[in-house]
Amino acid sequence: MRWRRFDGRPITLPIQEAVQETILREKARGHRLKVCIGTDSQVRGKTVEFATVIVFLREKKGGFMFIANYKNVQKMSIRERMILEVARSVEISYALCNLLDEHDVALEVHADINTDPSFESNTALKEAMGYILGMGFVFKAKPDAFASSYCADKVC
């Protein structure tokens, strides 16, 4: 995956190294951090575009994010797409969890899945919640899942 900042500048380091540098820099500035990871997708014709974000929240001081966009041309149902979004978020969370634990940074995994049964995305709620919680991560769904519902959606 190719990662970039919101302003478009590419992240050339491996993502673990970039996150570690970011944590060390922010802690040196006196900020307490929380990291939220989420993925969103949009269907455009025969292509599904995904965006995964790593959101760094500074306690009472705003935040910023790293972004990775990628495309898939495979046809899939809404349920499959929701589970794939969650899988991408869990994959990144798993790659970063030891580093975040080492620096005492809280981690949440956000799923762009509606808790209201009248929405289509709700079909994947139980599976997504089980997957994320089963991996030992904190789970957030709409309306609390801003990393996927707002941040990733904006760059998708």
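Me: How many bridges join strand 3 to strand 6?

Reply: Start with the general idea: strands of a sheet pair through backbone hydrogen bonds, either parallel or antiparallel. Here, strand 3 (residues 33–44) and strand 6 (residues 106–114) run parallel, and six bridges join them. Within this pair, Gly 38 stands opposite His 110. Two strands count as paired if DSSP finds at least two bridges between them. Strands (E, at least two residues) and helices (H or I, at least four) are DSSP runs, numbered from the N terminus. Keep in mind that this is a predicted model: local features need pLDDT of at least 70, side-chain atom pairs count only at pLDDT 80 or more, and totals for chains, interfaces and linings use all residues. Residues are numbered from 1 along each chain as its sequence is written, and side-chain values use heavy atoms, with hydrogens and water left out.

Me: In what order do the strands of the sheet lie?

Reply: Follow 2-1-5-4-3-6-7: that is the order in this open sheet of seven strands, whose pairing is mixed. Strand 2 (10–11) and strand 7 (138–142) are the edge strands, each pairing on one side only.

Me: Which residue is the bridge partner of Val 109 in strand 7?

Reply: Look for Phe 139. Strand 6 and strand 7 run parallel, with four bridges joining them. Together with helix 3 (residues 125–134), they make a right-handed β-α-β unit. A crossover is right-handed if, with the strands pointing away from the viewer, the path from the first strand over the helix to the second runs clockwise.

Me: At what angle does helix 2 run to strand 3?

Reply: The angle is about 155° for helix 2 (residues 78–102). Axes are lines fitted to C-alpha atoms, for helices over the stretch in contact (heavy atoms within 4.5 Å), and angles run from 0 to 180 degrees between N-to-C directions. Helix 4 (residues 146–155) runs at about 55° to strand 3 and lies across several strands, including strand 7.

Me: Is Lys 60 buried or exposed?

Reply: Buried means under 20% relative accessible area, exposed over 50%, and partly exposed in between (1.4 Å probe, protein chains only). Lys 60 has a relative accessible area of 80%, so it is exposed. This residue lies in the loop between strand 4 and strand 5, and its phi is positive, near 60°, although it is a residue other than glycine.
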